[in-house]
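Please look through the structure below slowly, and keep it in view while reading the paragraphs that follow.

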Amino acid sequence: MADTINEQSAAAADAGGDERLAHRGPIQTLLTRPEIGALLGAVGVWLLFWLVSAPFGTVGGTANFLDVAAYLGLMAVPVALLMIGGEFDLSSGAMTGATAIIAILLANDINGAGLGLHIAVPLSLAFALAIGWFNGTLVEKTSLPSFIVTLGTFFMLIGAKLGFSKLFTNKVLVEGLDEAEGYDFWNGIFGAEWLRNSHLWDTRKWSNLWLVRDEVWALLLMGGIAALMIGTFELTYARRKSPNVLAGAVAAAGAVLALVGLIYLLAQDGRTSQWIGGILVSAGVLAGVAGWCRWRYAAPTRDERGTSPGWWQYLVSGLAAVVVAIVVAAVMNASDSSQLGFLGGSFGKFVFALGIALVGVLAVVAALGRITPGYPALGAVLVALPSISFLITVQAARVILFGGLALLGIALLWSSARRVKPSVMVSGAVSLAIVVLAFFIQSEAASRKLRVELFTVLLLVALLLAASAVARHLSAVRTAAPPPPQFGRWMHVCAALGVAGVVVFTVVELADGDAILYSLISGAVKGGILAFVAYALGTLGRTLLTRDEGVGRALITTGIGAVMLSVASRLLFVTGSELDKICNIGTDGELRCPQTQFGVVVLSFLVFAAVGSWLLMRTQFGSWIMAVGGNKEAARSVGVPAARTKTTLFMMVSGAAWITGMLIAFRLTAVQADVGDGNEFRYIIVAVVGGNLLTGGYGSALGAGIGAVIWGMISQGIGFAQWNSDWRFLVLGALLLVAVMVNNYVRGRAEKAPTTSSATRPDKTEITIVVPAEPAAGAKEGQQ
Amino acid sequence: MSTDFLELRGISKFYGNIIALTGVTTTVNPGEVTCVLGDNGAGKSTFIKILAGVHQHDEGELILEGSKVRFAHPRQALAAGIATVYQDLAMVPLMSVWRNFFLGQEPKKGMWPFRQIDIDEAKRIAKEEMAKMGIDIRDTEQSVGTLSGGERQSVAIARASYFGARVLILDEPTSALGVKQSGVVLRRIVEARDQGLAVIFITHNPNHAYPVGDRFVILQRGVSLGNWAKEELTQAELTQLMAGGAELEELQHELAEASAN
């Protein structure tokens with residue numbers, strides 16, 4: 001029996017195995033995820049506003065747009081889950097306001113004697129869940145489309161909100177939450193916020209360890225990125241039989257060199273030190289990656305390397321790099337008076353810069369072999385000619401220096417590696433171009449923001465690109481998926497440490513006299529960090545000391561965790577260097593800093609996005625959601641309780657609406673009768689931007705969260721950039737369209753084989769177009 | 001008397017005064033393919049539904065492993081190891097192969113409330129089971145919508161056999177497929193048979209039935225024309241029976257006369 005099976009599968013492998021591609025690495029897997037378009041869009045939007053607006057990238061600006069995003073995303077995540085389950089809830093927006101009004105009215109105003117918040121708040125939750133259950137049950141029992149049923153509840157809720165508000169208070173404004181009994185307790189939960197500057201690092205305690213105090217987030221970020229990179233290598237490349245000890249030593253030396261360079265960069269602030277630090281880090285990283293790959297991974301055969309691209313491809317890439325450098329230098333010099341430099345100059349220069357960007361893109365396309373090199377070369381000459389008029393003598397000398405360096409590097413690349421994969425060459429050329437650009441900006445830019453931050457970001461991007469090119473050149477791609485990590489016992493140790501940490505830290509906080517919720521959150525975060533540190537150390541040890549093939553995924557988890565910790569500590573704590581800049585000591589000896597706060601809404605949003613993703617991707621319930629949205633009859637026939645799944649989803653949406661309603665109520669203490677109406681439209685848009693299919697069956701909860709962040713960044717960024725806000729909706733609409741189109745394009749390319757979404761559910765397509773438009777139109781009028 | 005695994009003796013079904021099926025007698029054994037042939041309206045669907053527990057027979061006996069049974073509900077048939085792969089396949093096209101494979105019966109790990117699907121295990125098993133069917137799925141993460149019709153059929157068959165099916169009923173698995181794809185599915189049927197499953201293959205195409213079948217039942221307008229073992233029948237005879245026997249001869253005769261005139 002077993003023999004025949006083996007024979008059969010062997011025969012099948014012989015017959016069809018050759019055409020099969022290699023094992024898909026983590027990058028390819030990531031590219032097929034539904035939220036990838038939204039993720040790229042979010043990065044693009046962030047970069048755009050970061051470049052054009054000074055306050056956008058600061059902690060204050062981040063807190064500002066995260067707040068807007070959180071109120072949207074808190075609802076968009078469950079709405080996305082419901083959408084994947086094949087249904088809509090148009091009452092979700094009105095429901096947020098309804099729960100707030102019910103809570104305040106019940107607490108204060110019924111017959112003059114209120115019930116108090118201890119009864120009113122749970123009652124409003126019960127009401128929300130009941131409406132959710134009602135929506136779900138009605139949709140299931142009657143088989144009516146959910147947008148009709150919930151449209152009914154939507155209007156009923158609007159009417160009831162206005163009617164009851166007028167009935168009890170004679171006004172459309174329901175107020176007096178802060179006078180209700182039990183306000184302090186519930187405000188401690190829904191009204192809680194994190195005042196960033198009240199939680200300073202204890203500067204006296206750490207004063208001798210300046211590095212830990214100030215730049216712990218930067219080191220965490222770099223460590224996280226390194227872990228992500230090595231994790232990706234582990235999952236992508238094949239291990240060699242016996243490790244090469246010499247190469248391992250080179251890797252270690254490279255890591256030390258990079259670390260020294262990084263510390264030097266962080267410690268010194270000046271143009272020269274940036275040069276030295278940057279070169280040290282780059283050399284260290286590239287040597288480290290080369291050593292690591294030689295130490296661990298099998299070398300590719302000659303055939304796997306493929307053929308070298310033609311000489312013109314290098315020339316085109318190099319030419320593009322030089323031209324970009326020339327023009328950036330010219331533009332920057334010409335607009336020295338502008339603080340931001342980049343877009344501060346005249347319109348003509350802006351158009352000119354766009355033209356340059358286009359030439360760069362064309363050059364890369366040419367290098368990939370899609371078009372003939374003549375076009376970008378011609379374009380480069382055309383753009384380069386007028387750029388000469390921008391030049392002054394000192395700059396001309398620099399351009400010649402940098403251009404010469406770029407060409408020299410390209411020539412070296414070309415002559416030293418005649419058998420290199422085309423993609424490796426393109427990565428190398430592009431990263432070289434970015435390096436040239438980065439150093440040009442560093443030497444020419446007037447503002448510190450461009451000189452330091454943009455330089456660092458560009459250098460980091462170029463380094464990652466170059467490192468991946470080095471790894472691709474040196475390592476053979478793996479043909480089979482690596483086994484899952486064998487982490488059993490160590491995971492238990494970490495979990496135990498985490499639980500113990502949560503308990504101990506919570507008790508310590510409580511003993512310090514802090515509020516319950518604050519102590520719990522703080523204890524949970526600290527316990528989580530403890531468990532994470534144990535996990536990261538275990539992963540590191542396993543990677544370096546054992547021959548376990550499955551460490552790649554653990555490394556990626558570690559990297560994501562480190563990056564998140566880094567961002568969180570950057571946002572939540574004032575670093576020592578910031579302290580000197582933004583705070584001052586008053587005459588009474590007290591430290592005074594501008595306040596930046598994060599409401600509990602941001603925490604709720606992050607928790608929702610994480611839990612929603614976990615539910616969808618990892619649990620049985622998640623599989624059922626996708627199944628009932630994708631093919632309900634099929635799901636039912638294999639035993640999925642479709643009605644129960646959908647009803648639960650409706651109740652999750654209304655439960656989230658309750659949380660949102662409470663957050664709004666405790667922030668404002670007085671609520672308009674029409675608050676939240678029309679927002680269901682936004683929730684759906686944000687979910688679609690995040691890669692969720694309107695027709696159901698496919699999507700991502702995390703994507704909906706990212707979509708909400710995009711919305712928050714755009715709506716706040718327009719203000720930060722001081723663009724005329726009259727045009728706000730035009731810009732918003734255009735950017736949203738672009739986001740969705742990028743999303744579609746990326747997904748289409750990544751999947752290669754066409755999805756059958758439209759073919760399988762033709763009945764729903766025309767319906768869904770009608771859905772958001774109708775209630776939103778009515779609601780908008782009421783709102784504005 | 002040798003005991004057959006599943007035996008049908010004179011199974012009949014009436015809907016009011018309509019006779020849907022009368023006198024179907026056949027046997028189904030592990031490692032054998034029993035083909036049920038018939039034109040549209042011949043009673044094939046009724047036959048499936050009786051075995052799958054959707055309907056109950058009114059006359060005759062259904063004998064499973066020596067004891068009389070009567071399935072009151074599809075779950076009972078499933079519990080007895082009789083799995084049906086319907087024409088529409090019961091697949092969710094936008095979901096991955098492994099999710100479809102385990103839908104409704106996901107393997108889980110961890111303690112509540114952290115209970116989650118054991119994805120590695122699910123992927124491994126799905127890949128293994130598909131390999132047993134002779135299909136080397138490159139990536140079980142690939143969505144079912146990207147598979148060909150024959151491959152989808154294979155996923156459904158592999159799923160049924162993994163979840164303990166002993167009798168596999170295939171409802172017109174080749175009817176919607178092209179010539180090449182049909183060949184693939186017929187091969188799957190043979191492989192399921194070789195794995196020791198009893199297969200009931202419903203079709204209206206004698207050319208598909210004859211090469212893989214061990215036993216043939218032909219239905220016509222609700223009446224069973226007979227129950228033959230493969231040795232008792234040639235492919236030509238089967239085709240002729242299937243096409244209506246005497247009626248076809250009459251038609252040939254008429255046509256011959258017409259062309260003579």
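Two residues are said to be in contact if their C-beta atoms, placed from the backbone, lie within 7 Å. This is a predicted model, in which local features need pLDDT of at least 70 and side-chain atom pairs count only at pLDDT 80 or more, while totals for chains, interfaces and linings use all residues. Residues are numbered from 1 along each chain as its sequence is written, and chains are lettered from A and ligands numbered from 1 in the order in which they are written.

In chain A the secondary structure amounts to 32 helices and six strands, where helices (H or I, at least four residues) and strands (E, at least two) are DSSP runs, numbered from the N terminus. Of the contacts in chain A between residues at least 6 apart in sequence, 81% link residues at least 24 apart.

Thr96(A) touches Met75(A), Ala657(A), Thr660(A), Gly661(A), Ile664(A), Gly676(A) and Asn679(A), leaving aside residues up to four places away in sequence. Thr96(A) counts as buried because 32 other C-beta atoms lie within 10 Å; the term asks for 20 or more such atoms within 10 Å of the residue's own, whereas 12 or fewer make a residue exposed and numbers in between partly exposed, with C-beta atoms placed from the backbone. Buried residues account for 43% of the 784 residues in chain A.

Helix H5 (residues 92-108) of chain A also packs with helix H6 (residues 117-142) of chain A, at an angle of about 145° and with the axes 8 Å apart. Here axes are lines fitted to C-alpha atoms, for helices over the stretch in contact, and angles run from 0 to 180 degrees between N-to-C directions. The residues of this contact between H5(A) and H6(A) comprise 12 nonpolar, two polar and no charged, where Ala, Val, Leu, Ile, Met, Phe, Trp, Tyr, Cys and Pro count as nonpolar, Asp, Glu, Lys and Arg as charged, and the others, Gly among them, as polar.

Turning to chain B, strand E1 (residues 6-15) and strand E2 (residues 18-28) pair in the antiparallel sense over seven bridges, pairing being assigned if DSSP finds at least two bridges between two strands. Phe14(B) has Ile19(B) in E2(B) as its bridge partner. E1(B) and E2(B) form a hairpin with two residues between them, and Gly16(B) in the turn has a positive phi of about 60°.
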